[in-house]
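Trainee: I would like to learn how to read charged pairs and surface patches in a model. Could you guide me through an example?

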Amino acid sequence: MHPETHLALHHVRAAELRAEADAYRLAAATRRPRDLRTRLGWTLVEVGLRLAAPPKTAAAVP
């Protein structure tokens, strides 16, 4: 393969990788609030399940 052809292909691939990295950065920036919302939601589910469960000390009361 001719060196200039190889260099041109390298430049094209590098530009594609930069574009993919930019797209990933933008997607990751918009995903963060959703991650927080998901964690908060599962925390609320866990708290609700603890509140709905019968108390563990109920069996020890005569």
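The dialogue below takes up salt bridges and then a surface patch.

Mentor: Please keep in mind that this is a predicted model.

Trainee: How many salt bridges does the structure hold?

Mentor: A salt bridge requires a side-chain nitrogen of Lys or Arg within 4 Å of a carboxyl oxygen of Asp or Glu. The structure holds three. One of them joins the side chains of Asp22 and Arg25, at 2.6 Å from N to O. Another links Glu46 with Arg50 at 2.7 Å, and Glu16 meets Arg13 at 3.4 Å.

Trainee: How many residues apart are Glu46 and Arg50 in helix α1?

Mentor: Glu46 and Arg50 are four residues apart, about one turn of the helix. For Asp22 and Arg25, also in helix α1, the spacing is three residues. Glu16 and Arg13 are likewise three residues apart in helix α1.

Trainee: Is Arg50 buried or exposed?

Mentor: Exposed means over 50% relative accessible area. Arg50 has 62%, so it counts as exposed.

Trainee: Which residues form the nonpolar patch on the surface?

Mentor: A residue needs over 30% relative accessible area and no salt bridge to belong to a patch. Here Trp42, Val45 and Leu49 form a nonpolar patch, with about 360 Å² of accessible area together. Val45 lies in helix α1, which spans residues 3–52. Val45 has a relative accessibility of 40% and so counts as partly exposed.

Key
Residues are numbered from 1 along each chain as its sequence is written. This is a predicted model: local features need pLDDT of at least 70, side-chain atom pairs count only at pLDDT 80 or more; totals for chains, interfaces and linings use all residues. Side-chain values use heavy atoms; hydrogens and water are left out. Patches are made of residues with over 30% relative accessible area and no salt bridge: like charges are joined within 9 Å, nonpolar side chains (Val, Leu, Ile, Met, Phe, Trp, Tyr) within 5 Å. Accessible areas come from the Shrake-Rupley method with a 1.4 Å probe; for residues, only the protein chains shown count as cover. Helices (H or I, at least four residues) and strands (E, at least two) are DSSP runs, numbered from the N terminus. Buried means under 20% relative accessible area, exposed over 50%, partly exposed in between (1.4 Å probe, protein chains only).
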